[in-house]
Structures are given as structure tokens and as C-alpha cells.
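Here is the note you asked for, written to be read slowly with the structure open beside it. Please take the points in order.

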Amino acid sequence: MSVQWNTASLHAALLASELNAEAKIDLIDSLDPSIDIRLTDFGDLPVQITVSGEQIMVSSALWEASQVKDRARFNEQALMLNPINALSNIGLIALAPGRDLYIMFGELSASSDLSHVIEEVRVLADNTIEAAEAFAEQLI
Amino acid sequence: MWSKIFTMFRGAAHQAGEAVIDANALRILDQEIRDASTALRKSRDDLTTMMAQRKLTFDKLGPKQRKIAEYGGYIEQLLSKGDEALALEVAQKLSELEGDAAQDEQLLGQYDANIDSLKKSIIQAESSIGRLKQQVDAVKATENVQRAQAAIASRHSGSNTALRTATDSLERIKQKQAERSAKFDAAKQIENLGGDQDLKSRLASAGLLEDSSSASAVLARFKARPALAAPTQDAPRQLGSEASTPGTSA
């Protein structure tokens, strides 16, 4: 019943889904392709989907670490937020040497139903905007 | 596994390149998967050997047990015939056979226990390989996210401008909301205006509301004031003479 997605097949399925009416969905083709989604109702927030093996990762960029006034305080609050934040977590990735980026992300099985992937995208976008609102004062 | 990655985090923090973390994590995971699958292969080989040995032992035990039954029969017959000497000779043979069979049975018990524990460790190794592969997927997914974000960073804001995607989007949402509520207010005003006019015109057509600017209303107003009737009749003339005044003075 469940299909194992890859980036290309998931992109095609998303284009044919109801999400296409509320977002701009692009395939960023490269050696490891990713899907770029801009959600109209969420201020064109870019959400990325990548499929690796058995895992789908949905993520959006919050802000760079250099923009956080007090990183220790922010990190602690993000960690406290993670357990109560449904479906998404806050994480940190290295954008380039010396450039850390905070992201909101959620992970799903690569054999998840399309509807679950779409829900994850919407919830992630919602959580990202919530976070932007909640942490606004802590940013430079 | 986690402690190895954390050790690596500490190491990588001293180097400038933090992207090294992913490469290192993948190397560690790769090694762990290799180790686990080597162990798995060995467990499977051991299991095959163990099961073959068990079968050999089991196959030898059958004839021995048949021989034990056979010799037991001889002893009974010899004893009933009173040939105790020969019965003793057979009994010696039987005791050797019984000892041998008992040893085989003990061996079989050991094989079974080993086979059980090998099967368990095979299941364990398989699931730990599955878990390690999931971690590889997670690290690779993170790598992809990093690449995708870096691509967005360079595409949208130049590589030196900080990415503030979430706050930018929040600003856009707020702006849209402000625009929308302004539009809504304007629409509401127009609607009120329109509603009012519509009501007035409907009241007027129902004869309930007099339109003060209509010609009939103006006429009615003048008719109600008969004293002013004469001056109004002169008015055209006066207006006419006034109109000529600029011409005469010029």
C-alpha cells in the first residue's frame, strides 16, 4: 500500500496534490536533489524536503546563530520547546565554516502517506512562524 | 555511537570546517556497519556449522539407541537362559554404549543452547545494522538540508547577508494582514455607504423619504413661500442685467 518515496516521485506527487494550490513547489535538481516549497499563506516561507534512503526530512531556516543575542539562553529555550512542540524540532546546522543556521525540522518515514507529508509541511511552517514571533525579541 | 560523534564535535569545533562533522559521522557509521555486518556474517557461519554438527550427533545417536535396546533384549534372554557370563559381557558393552549415548545427549543440549544464542545475536545484529543505516540516512538528509540552505542563502541574499527566512516571512505575513485589514476597512466603508444609499433610495421609492435636492422638492419649497413669488419672477431679468454689466464696464 505504502510507496517508498524518492525526491523526484515525492515532488511529482506534491505537484499533483492540493498543496500546489497554496504553495510554489520546485525541484532543486543537483546530485542530491531537494524540494523547495514556498507557502503563500505563510509569507512565502521556504520549506525544504529531502528524501534520503528511508527518511524524509522537512525543514525550514529560522535564522543564523549570529543573529541571536544570547545563544545560551536561546538554546535552552529551544530545548525546552522541543518536547512540547508537536511534530517539529529546532536544530542547528553548519551553513558554511563559522556560519551556523538554526532550523525547524521534522522527520518522517520515506514510506509515509502523501497526506502525512503535506501535514508535516503545514505544521512545520506554522511552527516556524510561531517561533519567529516568539523569539523576535531575542534576535538582533 | 553518540559518544563517538560528540568527541568528533569537540574535535571539529577546533577546526574551522564544521561540515567535516558529517563526513566524519558517515565514516564512523560506515565503520560501525562494517563491523556489525562482519559480526553478523560470522554468527551466520557459526550457526550453519553448529547446526551441521548437531545433525551429525543426532544422526549417530539414533543407531546407538537402537543398539542399546537390542543389547538390553539380549541380556534379558541370556539371563532367562541362565547364561550369566555372556550376559555380563553384553552388559559391559551396553554400559559403554549408554555412556556414549549420554555424552551425545549432553552435546546435543549444548548445541541447542548455542544455536539459540546465535539466533538471538543474529537478530540483534540485523536490527543494529538497520538502526545504523537509519542514522546514515539522517546524516545524509542533514547534509542535503545544509546544501539546500546554502543554495538558498547564495541565491536570495548573497553569501554575506545573514539568512533570516523565518522572520522575513513573519514580516510578510504581518504586512499582508495589515493590507488585508486596510482593504477590509475600505470595503466596509464602501459597503456602509452603498448600504445607506440603497436604503435611502428604497425609502424614497416607497414615498417615505423626500429627496430635498429633487426638482419637485425645490418647487414645493418655493410654493410654500408665496411672499417671495414676485421677486422670483424678476430674478431672470436681474440676472440678465447683471450678466451685461461686465460688458458695459469694459
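This is a predicted model: local features need pLDDT of at least 70, side-chain atom pairs count only at pLDDT 80 or more; totals for chains, interfaces and linings use all residues.

1. For the complex the predictor gives an ipTM of 0.79 and a pTM of 0.63. Chain A has a mean pLDDT of 90, with 99% of its residues reaching 70 or more, and among its elements S5(A) has the lowest mean, 87, while H1(A) has the highest, 94.

2. Among the elements of chain B, the highest mean pLDDT, 90, belongs to helix H2 (residues 20-81), and the lowest, 47, to helix H6 (residues 229-249). Over residues 14-18 of chain B the pLDDT is below 50, although this stretch has 7 contacts in the model beyond near neighbours in sequence. Over residues 234-250 of chain B the pLDDT stays under 50 as well, and there the model has 0 contacts beyond four places in sequence.

3. In its secondary structure, chain B comes to 6 helices and 0 strands. Buried residues make up 12% of the 250 residues of chain B. If we take the contacts in chain B between residues at least 6 apart in sequence, 68% of them join residues at least 24 apart.

4. In which order do the 6 strands of the open sheet in chain A stand? The order is S1-S2-S3-S4-S6-S5, and the pairing is antiparallel. S1 and S5 of chain A stand at the edges with a single partner strand each, so one side of each has no neighbour in the sheet. From one strand to the next, the twist averages 30 degrees. Helix H1 (residues 7-15) of chain A lies across S1, S2 and S3 of chain A, and runs at about 25 degrees to S2(A).

5. Strand S1 (residues 23-28) of chain A and S2(A) are paired in the antiparallel sense over 6 bridges, with A:Ala23 opposite A:Leu39 in S2(A). These two strands, S1(A) and S2(A), form a hairpin that has 5 residues between them.

6. The hairpin of S2(A) and S3(A) also has 5 residues between its strands, and in its turn A:Gly43 has a positive phi of about 60 degrees. The next residue to look at is A:Asp44, which lies in the loop between strand S2 (34-39) and strand S3 (45-52) of chain A, and which has a positive phi of about 55 degrees although it is not a glycine. Is A:Asp44 buried, partly exposed or exposed? A:Asp44 is partly exposed, because 17 other C-beta atoms lie within 10 Å, whereas a buried residue would have 20 or more and an exposed one 12 or fewer.

7. S3(A) is joined to S2(A) by 5 bridges, and A:Ile37 stands opposite A:Val47 in S3(A). On its other pairing, S3(A) is joined to S4(A) by 5 bridges, with A:Gln48 opposite A:Ser59 and A:Ser52 opposite A:Gln55. The hairpin of S3(A) and S4(A) has 2 residues between the strands, and A:Gly53 takes a positive phi near 55 degrees there.

8. Why can S3(A) be called largely enclosed by the rest of the structure? The reason is that 8 of the 8 residues of S3(A) are buried. In a regular strand the side chains alternate between the two faces of the sheet. Both faces of S3(A) are covered, with A:Leu45, A:Val47, A:Ile49 and A:Val51 buried on one side and A:Pro46, A:Gln48, A:Thr50 and A:Ser52 buried on the other.

9. Where the chains meet, 38 residues of chain A are in contact with 32 residues of chain B. The largest share of the chain A side, 8 residues, comes from S4(A), and by class that side has 20 nonpolar, 13 polar and 5 charged residues.

10. The largest nonpolar core has 45 residues, and those with the most contacts inside it are A:Leu62, A:Ile103 and B:Ala166. H3(A) gives the largest share of this core, 7 residues. Leaving aside neighbours within four places in sequence, A:Ile103 is in contact with residues including A:Leu62, A:Ile93 and B:Val145.

Note on methods
Residues are numbered from 1 along each chain as its sequence is written. Chains are lettered from A and ligands numbered from 1 in the order in which they are written. Helices (H or I, at least four residues) and strands (E, at least two) are DSSP runs, numbered from the N terminus. Two residues are in contact if their C-beta atoms, placed from the backbone, lie within 7 Å. Ala, Val, Leu, Ile, Met, Phe, Trp, Tyr, Cys and Pro count as nonpolar, Asp, Glu, Lys and Arg as charged, and the others, Gly among them, as polar. Two strands pair if DSSP finds at least two bridges between them. A nonpolar core is a set of buried Ala, Val, Leu, Ile, Met, Phe, Trp, Tyr and Cys residues joined through C-beta atoms within 7 Å. Axes are lines fitted to C-alpha atoms, for helices over the stretch in contact, and angles run from 0 to 180 degrees between N-to-C directions. pLDDT is the predictor's confidence in each residue, from 0 to 100.
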